[in-house]
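Please have the sequence and the structure at hand while reading.

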Protein chains: 2
Amino acid sequence: MDSSRKIMKIAIIGGTGKEGRGLAYRWAQAGHHILIGSRMREKAQSAVDDLKTLLPEGSLLEALENSAAVEKCDIAVLTVPYSAHRETLDLLKENLKGKILIDVTVPLNPTKVTRVSMPKEGSAAQEAQAILGEDTSVVAAFQNISYENLMKNSPLDCDVLVCGSGKEARQIVLSLVEDAGLIGWDAGVINNAVVVEGLTSILIGLNIQHKVYSAGIRITGINR
Amino acid sequence: MDSSRKIMKIAIIGGTGKEGRGLAYRWAQAGHHILIGSRMREKAQSAVDDLKTLLPEGSLLEALENSAAVEKCDIAVLTVPYSAHRETLDLLKENLKGKILIDVTVPLNPTKVTRVSMPKEGSAAQEAQAILGEDTSVVAAFQNISYENLMKNSPLDCDVLVCGSGKEARQIVLSLVEDAGLIGWDAGVINNAVVVEGLTSILIGLNIQHKVYSAGIRITGINR
């Protein structure tokens, strides 16, 4: 990692699932201090123990309850299933004040996953922003990644579109995208999250049609 | 063009703009019979005359009023600005019965083009489907293409996501995407049009940030 770059304390809320583990794995390798959060600290500890077997000695990983992880972090990442999205945010609202929340959630309809289906706020990220209020900057990112592939060290053939409240917050998230070994793009205001979240349904549909698990997107026409 | 493929009569509603001309240019080259439509036949004739100077002799292009073009066509393409979307569809509703309409429209907010902004139906394509009713199959496609590049013969570095009412209608549109020299993907039901239309705002934002006119997308992770 670029030595000018800040090591961050990153709380991964619901960090025991495959999305959370995948991001933790990549960011721990980049030198960040990872706080794996779970509703039960023991579950978080089990995920930390698993991750440590895959990571270099000295990697910084800690197991905490979600609220303690958020309290201690510089930046938080929400990786719970959509069914737990609102409840989790309601519980952590006070802890998230003054922080950036990266919302990875896709509001999939379990019975129609290939059909774009958004909450009344417009997207999961806008719903999070509405719950948390102006004291937290919500940034949507990482919805289109195949998480199984995050745990492999090979390059991932999928770009990350980053949209959310405030250009500065998006820039911080874009640097974390790069630290995860991915290419990120500033996709604008939080209203645009509907596109990034909804794209997941289209990619799932393409995976089903083509019998793969790897459909992703690349931005073209711009020098990287 | 594959000799097993049907030559189609394609009406391009509002075919005098750059989107319509670009698609007409590509499809005429593929051997299709192009009916350029406009509110005034003389304007359509002027576009046809321009296009004929760029195309091989014998290319099939005709100038008609919009309603006559739609009446005569196998498949219609709507390429008017969003401000004329509803009015144009109201006028052509009867002519479009029993046909497929490819809706290319992006509901851009003229003062905030980089911010996704959809009509109450969810997307321009869903709005079109609501206006036209079940007798017309609306398919959304071609929103993310840089139209200036359609008139060049070089390959275009942007895929086309196709979503809309009915798998058969999407398949017909996908064959027209291929005839235009582009790679298309079945992006599912018409509810997914919000993603494809909204992506245009994100790509415009990337064009502005990176000072280009060429931002596009590619689907990755699937053998073409």
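Lys211(A) is exposed, with a relative accessible area of 75%, where exposed stands for over 50%, buried for under 20% and partly exposed for what lies in between (1.4 Å probe, protein chains only). The residue is placed in the loop between helix H8 (193-210) and strand E9 (216-220) of chain A, helices (H or I, at least four residues) and strands (E, at least two) being DSSP runs numbered from the N terminus. Most residues other than glycine have a negative phi. Lys211(A), however, has a positive phi, and Lys211(B) likewise has a positive value, as the table sets out.

| Residue | Phi | Relative accessible area |
|---|---|---|
| Lys211(A) | near 55° | 75% |
| Lys211(B) | near 55° | 73% |

The model is predicted, and local features need pLDDT of at least 70, side-chain atom pairs count only at pLDDT 80 or more, and totals for chains, interfaces and linings use all residues. Residues are numbered from 1 along each chain as its sequence is written, chains are lettered from A and ligands numbered from 1 in the order in which they are written, and side-chain values use heavy atoms, with hydrogens and water left out.

In chain B, helix H7 (residues 167-179) has 13 residues and should span 18 Å at 1.5 Å a residue, which agrees with its end C-alpha atoms being 18 Å apart; the expected span is 1.5 Å times one less than the number of residues. Among the buried residues of H7(B) are Val173(B), Leu174(B), Leu176(B) and Asp179(B), and the helix is followed by Gly181(B), whose phi is positive, near 80°.

Turning to the interface, 32 residues of chain B are in contact (heavy atoms within 4.5 Å) with 31 residues of chain A. The two chains bury about 2,600 Å² between them, 64% of it on carbon and sulfur atoms, buried area being the accessible area (1.4 Å probe) that two parts lose on being put together, summed over both. On the side of chain B, Val195(B), Ile202(B) and Thr220(B) lose the most area to chain A, together 21% of what that side buries. The elements that give two or more residues to this side are strand E8 (184-186), H8 and E9 of chain B, and H8(B) gives the most, with 10 residues.
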